[in-house]
Amino acid sequence: MKIGIVCYPTFGGSGVVATELGLALSKRGHEIHFITYSQPVRLDLLGTNVHYHEVTVPEYPLFLYQPYELALSSKLVDMVKLHGIEILHVHYAIPHAYAAYMAKMMLQEEGIYVPIVTTLHGTDITLVGSHPFYKPAVTFSINKSDAVTSVSQSLKDDTMRLFNIKNNIDVVPNFIDFSRHKTQFSECQRHIIANDDERIITHISNFRKVKQIPDVINIFYNIQKQMPAKLMMVGEGPEKMEAERLCEKLGIEDKVVFFGNSNEIDKILCFSDLFLLPSQTESFGLAALEAMASGVPVISSNTGGIPEVNIEGVSGFLSDVNDVEEMSNNAIYILSDETRLDTFKVNAAKEAAKFGISKVVPQYEAIYLRTLENS
Ligand code: GMT
């Protein structure tokens, strides 16, 4: 099949999922066209089956906001015509599902039919999509998609609850491509970060409010009172500066390393002992799954789709949002005993193995075929 993939090209989970899926599909012989405003960060491989088409939005001073949706839908029309793209798979509804529908309508005028598959990722439904300013357009574009998927059962339930949805939603969970996720290194560079007696705790996110960054710092503060430990904070975002200030205020700045965005999270996870994800809401928690795939247990909140990934008492522990005390106690429980920590590490890797990409790609292929047959 010739498949056009639209996504955010950033470090966010939806872009990562879209890129990994596109690469896996290309290995199975499909022709993949990424259409977005810059090359997706995890797209290091352009080849005969993998193409990237940049959407450019010319600046015009009249516009306070440059019309990205317009440029995207025009680019989609051009690329479908030029490359004979048969199906458009858009990741994150806003504004991608809307732009794809406009492209579909324009193409239909010329007798070309291209179905749209929309994958809902989380904040496009929960925090952003359900806002009254966006809701009518999001509802419309979901209902106009030829197939809709969500990355967890929890997100499907939220979508049905928050929107008036008329079509079926297939749950297709996020995944790990173990062939690209290098969990085994000949040498984990642990000594760069910590001494032998120190535990290494990790958090990776886009440092937005929803990630409860102060909770991450406070949990670590409690851990390091009980045992020697270091905290690695990976990512960039609006809450980062405040997080640095809080570390200074608590007097733990020499125990916390801020890395910024990284394309080598597998190398960081390789020497991590524990992953913290105390988010306010999380449709899936791909960062937690990536940690587990590297054999890192997870202390998380029990919100949204996280319980579908992190299993209580097996791969880690889950607590109510904001319950810093319980999360700290659970973290200390896992970290304070070598044998217990090893058991949790093995369990985390076993749970992650259930999310191998080989189970997921055929599900998307079946959805593509179904929408093409129905068109
Ligand atoms: O975490 C974010 O805010 C980024 C966002 C995205 O669109 O990339 O993440 C969402 O999609 C990920 C991939 O499906 C999920 O793993 C995240 O849980 C989800 N984030 C939220 O629901 C807050």
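Axes here are lines fitted to C-alpha atoms, for helices over the stretch in contact, and the angle between two of them runs from 0 to 180 degrees between N-to-C directions. The model described is a predicted one.

The chain as a whole comes first. Its domain assignment gives domain 1, made of residues 2-175 and 356-374, and domain 2, residues 190-353. Taken over C-alpha atoms, the centres of domain 1 and domain 2 are 31 Å apart. The contact takes 17 residues from domain 1 and 14 residues from domain 2. On the side of domain 1 that touches domain 2, the elements giving two or more residues are α1 and α5 (153-162). By class, that side of domain 1 has seven nonpolar, ten polar and no charged residues.

The ligand draws on both domains: each of domain 1 and domain 2 supplies at least three residues of the shell around the ligand. In total 19 residues surround the ligand, and the closest are Gly12, Gly13, Ser14, Gly122 and Leu286. Helix α1, residues 13-27, provides the largest share of this shell, three residues. The shell divides by class into six nonpolar, eleven polar and two charged residues.

Next come the helix pairs. Two packed helices are described by the angle between their axes and the distance between the axes. Helix α6 (residues 213-226) and helix α7 (residues 240-250) pack at an angle of about 25°, and their axes are 10 Å apart. Angles under 35 degrees count as roughly parallel, and α6 and α7 are therefore roughly parallel to each other. The crossing in which α6 passes α7 is right-handed. On the α6 side the contact involves Ile213, Pro214, Ile217 and Tyr221, which meet Ala243, Leu246, Cys247 and Leu250 in α7. By class, the residues of this contact of α6 with α7 are eight nonpolar, no polar and no charged.

Helix α6 also packs with helix α10 (residues 324-335), at an angle of about 45° and with the axes 9 Å apart. That angle makes α6 oblique to α10. Here too the crossing is described as right-handed, with α6 passing α10. From α6, Asp215, Asn218, Ile219, Asn222, Ile223 and Gln226 make the contact, and from α10, Val324, Met327, Ser328, Ala331, Ile332 and Leu335. The residues of the contact of α6 with α10 are, by class, seven nonpolar, four polar and one charged.

A further pair is formed by helix α9 (residues 286-293) and helix α11 (residues 338-353), which pack at an angle of about 120° with their axes 7 Å apart. This makes α9 oblique to α11. The crossing of α9 and α11 is left-handed. Leu289, Met292 and Ala293 of α9 make the contact with Ala348, Ala349, Glu351 and Ala352 of α11. In the contact of α9 with α11, six residues are nonpolar, none is polar and one is charged.

Two points of backbone geometry remain. The peptide bond from isoleucine 94 to proline 95 is cis, with omega near -15°. Proline 95 is found in helix α3, residues 93-109. Phenylalanine 207 is not a glycine, yet has a positive phi of about 50°. Phenylalanine 207 lies in the loop between β8 (199-204) and α6.

Notes. Residues numbered from 1 in each chain as written. Predicted model: local features only at pLDDT ≥ 70, side-chain atom pairs only at ≥ 80, totals over all residues. Near = placed C-beta within 6 Å. Helix = DSSP H or I, 4+ residues; strand = E, 2+ residues; numbered from the N terminus. Nonpolar A, V, L, I, M, F, W, Y, C, P; charged D, E, K, R; others polar. Domains from an automatic or database assignment. Parallel < 35°, antiparallel > 145°, perpendicular 65-115°, else oblique. Left-handed = near helix turned anticlockwise from the far one by under 90°. Contact = placed C-beta atoms within 7 Å.
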